[in-house]
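The following exercises concern the architecture of a single protein model. Please work through each task with the sequence and structure at hand before reading its solution.

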Amino acid sequence: MSAATPVVHVLDDDRSFLTAMARLLRASGYAVRTFSFGAGLLESLREGGTGCILADLRMPGMNGLEFQEALARSGNPLPVVFLSGHGDVPTTVRALKRGAEDFLTKSAPRKDILAAIERAFARDARERDERTRRLEARSRFELLTPREREVLAHVVQGRLNKQIAWDLSIHERTVKLHRTSITTKLGIASVAELTRWAQGAGLLPELDGAARHLPSGP
């Protein structure tokens, strides 16, 4: 399989269940990898990979919820579908609140399992695209000087050049020069586009913090 092929990663300490589920999924046209321990799956995902995870809840060592927490902190947080024989309402709620795509019993109909996998695949693709966009935006943001970031922070708040100059204790023509440089580096001209770009990149909190810091000179 290619690196871009989405894979269903099945995590369960029951070898017979792993074998049966892998057979069912492969017969349904999916690429499958099986794991008996969460640590092994986490290590494997460090090398990349797309798709989703079907995980049991009760496993020796790292249980399903602990695995979910560790996965969320990793650099490749694939969507998780819990498939367990030991689910209860409080545990289900905890798993879903922490971002699980679904929580099914092992006796769930085949169609429900496959539907959950398809939703998880679609979610992984969306979230992966979002992370890529944010990384690209962050790379462009890093091209800005500290002063340009301060000017940008005020621009996305709708401040005029004269107001920015007053806030930062610099000349208005200097603000204009910084804005020209920002436009060149980011490739974005209008305030509305800059604001949408900063919001989509997750930079608004950082820019808001920069706007609150008012240096005493240029």
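**Exercise 1.** Determine in which order the strands of the open sheet are arranged, and which strands stand at the edges.

*Solution.* In this predicted model, 5 strands make up an open sheet with the order 2-1-3-4-5, and their pairing is parallel. Strand 2 (31–35) and strand 5 (102–105) each have a single partner strand, so one side of each lacks a neighbour in the sheet. On average, neighbouring strands are turned by 20° against each other, direction ignored.

**Exercise 2.** Describe how strand 1 is joined to strand 2.

*Solution.* Strand 1 (residues 7–11) and strand 2 run parallel and are joined by 5 bridges. One of the residues involved is V7, whose bridge partner in strand 2 is A31.

**Exercise 3.** Identify the strands that helix 3 touches.

*Solution.* Helix 3 (residues 64–72) packs on the sheet and touches strand 1, strand 3 (51–55) and strand 4 (80–84). The direction of helix 3 makes about 170° with that of strand 4.

**Exercise 4.** Classify the packing of helix 2 against helix 3 by angle, handedness and residue class.

*Solution.* First, the axes of helix 2 (residues 38–45) and helix 3 come within 10 Å and cross at roughly 15°. Angles under 35 degrees count as roughly parallel, and therefore helix 2 is roughly parallel to helix 3. Next, the crossing of helix 2 past helix 3 is right-handed. Finally, G38, L41, L42 and L45 of helix 2 meet F67, A70 and L71 of helix 3. By class, this contact comprises 6 nonpolar residues, 1 polar residue and no charged residues.

How values were computed:
Residues numbered from 1 in each chain as written. Predicted model: local features only at pLDDT ≥ 70, side-chain atom pairs only at ≥ 80, totals over all residues. Heavy atoms only, no water. Pairing = 2+ DSSP bridges. Helix = DSSP H or I, 4+ residues; strand = E, 2+ residues; numbered from the N terminus. Axes fitted to C-alpha atoms, helices over the stretch in contact; angles between N-to-C directions. Contact = heavy atoms within 4.5 Å. Parallel < 35°, antiparallel > 145°, perpendicular 65-115°, else oblique. Left-handed = near helix turned anticlockwise from the far one by under 90°. Nonpolar A, V, L, I, M, F, W, Y, C, P; charged D, E, K, R; others polar.
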